[in-house]
Amino acid sequence: PSPPPPPPPPPPSEPPPWRVASFFVVGDWGFDPGMHVWRGAEAVKQRCQGLIAEHMRREAEERGDVAFVVNVGDSFYPSGVSSVDDPQWETRWAQQYAQLPRPRRGANAGEVVPWYSVYGNHDLSQHDLDCACRADATRCNQVRAHGAQRGAPNMSWYMPDVSYFATPVRGSPLELVALDFNAADASKLCTWVACAKERCDSWDEQFDAARGCTQAGCAANLRQREAAAAALLRARV
């Protein structure tokens, strides 16, 4: 007799009822009315930032599981924040995105939405000179603001260091690694940090001699950060 036919394959497993999580990625979102003018007309209007924030709110409301935001930098045009109390925290971040809701489902349901952030080249300037020129990242204004909400009840600023790693979704193997590679732009940004102009007259020129930052010192500090960031990446992969 013929052998019995093989059993039918098992039915495909049902997909999970919800995604593990959703998230936004934003960058170059900072707006400055004095800088964003091109050929005599406003190339970027503040209303545009508000429209993007509104679309983020709608998408988050529809999905219900937006657990975090990845912020890749250039947050505060044209030259970063001057302190943890700089009013730009409210006017250019918290007030713009205050309506972003907390997730109502998923592992992070009901929790504050963290903005996992890094420095962009426009975030480093004489306003944040100690961050550009000192090895101690705790002197960086955006690092010092780690955990701040600035009146936005559903979100918080997340930057415990200039490079770091985090687990953004509870119970998930997903890991986020944030890296500071601003050394790639040191030849441009360090002139503004050290000399307050597009080109320094020499490598040891300083605009603010009392605080002691040269173009060479800024570039060396950013290269050290780049090496530390590369080491962190190798350790996490």
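This is a predicted model: local features need pLDDT of at least 70, side-chain atom pairs count only at pLDDT 80 or more; totals for chains, interfaces and linings use all residues.
Visitor: Start with the salt bridges. How many does a search of the whole structure find?
Guide: The search finds nine salt bridges. The test is a distance: a side-chain nitrogen of Lys or Arg within 4 Å of a carboxyl oxygen of Asp or Glu.

Visitor: Which residue forms a salt bridge with Glu 54?
Guide: Arg 57 does, and the closest N and O atoms are 2.6 Å apart. Both residues sit in helix 1, which spans residues 46-63. They are three residues apart, about one turn of the helix.

Visitor: Where can I look for a pair with a buried partner?
Guide: Go to Arg 139 and Asp 130. They form a salt bridge with the closest N and O atoms 3.4 Å apart. Asp 130 has a relative accessible area of 18%, so it counts as buried. Arg 139 has 39%, so it is partly exposed.

Visitor: What is the N to O distance between Lys 197 and Asp 201?
Guide: Their side chains meet in a salt bridge at 3.3 Å. Lys 197 is partly exposed, at 29%. Asp 201 is exposed, at 66%.

Visitor: Which residues do salt bridges with shared partners join into one network?
Guide: Glu 54, Arg 57 and Arg 58 are joined in this way.

Visitor: Now the surface. Which residues form a nonpolar patch there?
Guide: Here, the patch consists of Phe 23, Val 25 and Val 72. Together they have about 280 Å² of accessible area.

Visitor: Where does Val 72 lie?
Guide: Val 72 is in the loop between strand 4 (66-71) and helix 2 (88-97). A patch residue needs over 30% relative accessible area. Val 72 has 48%, which means it is partly exposed.

Visitor: Next, the largest pocket. What is its volume, and how many residues line it?
Guide: The volume is about 300 Å³. The lining holds 14 residues. Pro 78, His 122, Leu 124, Ser 125 and Trp 192 lie nearest the centre of the pocket.

Visitor: How do the lining residues divide by type?
Guide: Six are nonpolar, six are polar and two are charged.

Visitor: How should I read separation in sequence against separation in space?
Guide: Take two numbers for each pair: residues along the chain, and the C-alpha to C-alpha distance. Gly 34 and Phe 23 are eleven residues apart in sequence and 31 Å apart in space. Ala 196 and Leu 222 are 26 residues apart in sequence and 18 Å apart in space.

Visitor: Where are Gly 34 and Ala 196 found?
Guide: Both are in loops. The loop with Gly 34 runs between strand 1 (22-26) and strand 2 (37-38). The loop with Ala 196 runs between helix 5 (186-195) and helix 6 (215-236).

Visitor: Why does Gly 34 count as exposed, and why does Ala 196 count as partly exposed?
Guide: Apply the cut-offs again. Gly 34 is exposed because its relative accessibility is 65%. Ala 196 is partly exposed because its value is 34%.

Notes:
Residues are numbered from 1 along each chain as its sequence is written. Side-chain values use heavy atoms; hydrogens and water are left out. Patches are made of residues with over 30% relative accessible area and no salt bridge: like charges are joined within 9 Å, nonpolar side chains (Val, Leu, Ile, Met, Phe, Trp, Tyr) within 5 Å. Accessible areas come from the Shrake-Rupley method with a 1.4 Å probe; for residues, only the protein chains shown count as cover. Helices (H or I, at least four residues) and strands (E, at least two) are DSSP runs, numbered from the N terminus. Buried means under 20% relative accessible area, exposed over 50%, partly exposed in between (1.4 Å probe, protein chains only). On a 1 Å grid over the protein atoms alone, a cavity is a set of points where a 1.4 Å probe fits but cannot get out, and a pocket is an open set with protein on both sides within 12 Å along at least five of seven lines; lining residues have an atom within 4 Å of a point. Grid points are joined across faces, edges and corners, and a volume is the space filled by probe spheres set on the points. Ala, Val, Leu, Ile, Met, Phe, Trp, Tyr, Cys and Pro count as nonpolar, Asp, Glu, Lys and Arg as charged, and the others, Gly among them, as polar.
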